[in-house]
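Trainee: Hi, could we go through this one together? I'd like to know how you read it.

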Amino acid sequence: MKDFWIACGHHLLDRDASGGLHATDEFLKAYFARPELMPPDNACVIERRLHRELFADPHKSVSAGEVAAIADADARENWRFVLAFRDLLARHATLEAAYLATVRSRTNDLPPLFVNQLVQVILRNALDGCDDAYVLRAAELFFRPQRILPHERALLLGDEEVVSGLSLTPVLSLMSMLGAATDAQLDVLSDGNAEEYWQRSDHFDMVLDLTSGGRGPAALAQAMARWISHLLAIDVAVEPLRELHDARLSWYVGLDADATDLGDRLWHGEQLDERSAGRVLAMFRLTFAVGSQAIDEVRGEPVYLILAMTPDLKLRMKPQNLLTGLPIKPLEMVM
């Protein structure tokens, strides 16, 4: 089986009988080994002791007073965050349960770094065995902000961090899309280079073509269906739409903050101006395999999913919306 996203640490986790991930000592130690938590030469005695003891026992109880006693302010903040993350995982049987509890509480105060890493490793579990590089690249949208790279009639997405690190105007291999003078290159994922994804998956340096009617939207639809099935145990079909003609928007889910805002405007009968409508990157139709799992108000009706970009051509997908925004009944009410 081909492996991918190795750096997320999925190989350090155990899988329980239901398929959920269980945090191991090795997984927690990987966080304690991060550069932000490695005590520098001038670290105080308390910081050094805390680091040493947690490496010996990752589940060691740590009081707020111990952390507050660390001399360096940045170190105190880093330890507060990582211990809050550790304690979140300890309170739940699986990483999936911890993530669901977090997004359902709507009181998440973990830094985006921790949330995105949690999403990635859960998604790695949900997509285990997937051999389609397009689906895996599309799934990167769940935990990696993207930058829109428009080129003629193509809609191309590049990893924001990678693109920003290379150049404000990166050159895509096989096309000088913006006429940039730089040696940096990104590859547009295609049938010709899809096999390279397995060696490059941790580099996030392949560009996804999300042009309507192409492989990209269909791949993203499949990734969303796998995410919902894995975390909610609900089977759905998700299909990309080329256009939305006279559809009754009985229920919609914005896949990012901008899409939610645009959906709200449509819901209230507002006609989107050309500029606002142009920010919609893709739309999808979701249907339930078991209709009775949907609330009565929308039973038999599709759910529309909206993906949009910010005014500055960026995409920050919120995968939690697929879990909290669907019109599903509580499990005990499903007939």
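This is a predicted model: local features need pLDDT of at least 70, side-chain atom pairs count only at pLDDT 80 or more; totals for chains, interfaces and linings use all residues.

Mentor: Happy to. Residues are numbered from 1 along each chain as its sequence is written, and side-chain values use heavy atoms, with hydrogens and water left out.

Trainee: Good. Is His 51 buried or exposed, then?

Mentor: His 51 counts as buried because its relative accessibility is 9%. This residue is found in helix α2, residues 45-56. Helices (H or I, at least four residues) and strands (E, at least two) are DSSP runs, numbered from the N terminus.

Trainee: Which residues does His 51 touch?

Mentor: Not counting residues up to four places away in sequence, His 51 touches Phe 32, Leu 37, Met 38, Pro 39 and Trp 79. Contact here means heavy atoms within 4.5 Å.

Trainee: What lies 2.9 Å from a polar atom of the His 51 side chain?

Mentor: The backbone oxygen of Phe 32 does. For a polar contact we want a pair of N or O atoms within 3.5 Å; within protein, one must be able to donate a hydrogen and the other to accept it, and residues adjacent in sequence count only if both atoms are side-chain atoms.

Trainee: Let's jump to Ser 201. Where does it lie?

Mentor: Ser 201 lies in the loop between α9 and β7. It counts as buried because its relative accessibility is 2%.

Trainee: And which residues is Ser 201 in contact with?

Mentor: Leaving aside neighbours within four places in sequence, Ser 201 is in contact with Phe 4, Trp 5 and Glu 140. The Ser 201 side chain also reaches the backbone nitrogen of Trp 5 at 3.0 Å. Ser 201 and Ala 7 are 194 residues apart in sequence, yet their C-alpha atoms are 9.3 Å apart in space.

Trainee: What's the phi of Phe 204?

Mentor: Phe 204 has a positive phi of about 55 degrees although it is not a glycine. Most residues other than glycine have a negative phi. Phe 204 is found in the loop between α9 (197-200) and β7 (206-209), and it counts as buried because its relative accessibility is 9%.

Trainee: What about Ala 233, buried or exposed?

Mentor: Ala 233 is exposed, with a relative accessible area of 64%. Its place is in the loop between α10 and β8 (236-241). Ala 233 has a positive phi of about 55 degrees although it is not a glycine.

Trainee: New topic, helix α5. Which of its residues are buried?

Mentor: In α5, residues 95-105, they are Leu 95, Glu 96, Ala 98, Tyr 99, Leu 100, Thr 102 and Val 103. Those buried residues pack against β2 (21-22), α1 (25-32), α4 (73-90), α6 (112-126), α10 (215-232) and α13 (321-324). Just after α5, Arg 106 takes a positive phi of about 55 degrees.

Trainee: Can we look at strand β10 too? Which residues does Ala 282 touch?

Mentor: Ala 282 is found in β10, residues 280-288. Not counting residues up to four places away in sequence, Ala 282 touches Leu 305, Ile 306 and Leu 307. It is buried, with a relative accessible area of 12%.

Trainee: And how does Val 280 count, at 25% relative accessibility?

Mentor: Val 280 counts as partly exposed at that value. Leaving aside neighbours within four places in sequence, Val 280 is in contact with Leu 262, Ile 306, Leu 307 and Ala 308.

Trainee: Zooming out, how many helices and strands does the protein have?

Mentor: The protein has 13 helices and twelve strands. Of its 335 residues, 50% count as buried. Residues 24 or more positions apart account for 64% of the contacts with a separation of 6 or more.

Trainee: And what box do the C-alpha atoms fill?

Mentor: Taken along the principal axes, the box is roughly 65 × 60 × 40 Å.

Notes. Buried means under 20% relative accessible area, exposed over 50%, partly exposed in between (1.4 Å probe, protein chains only).
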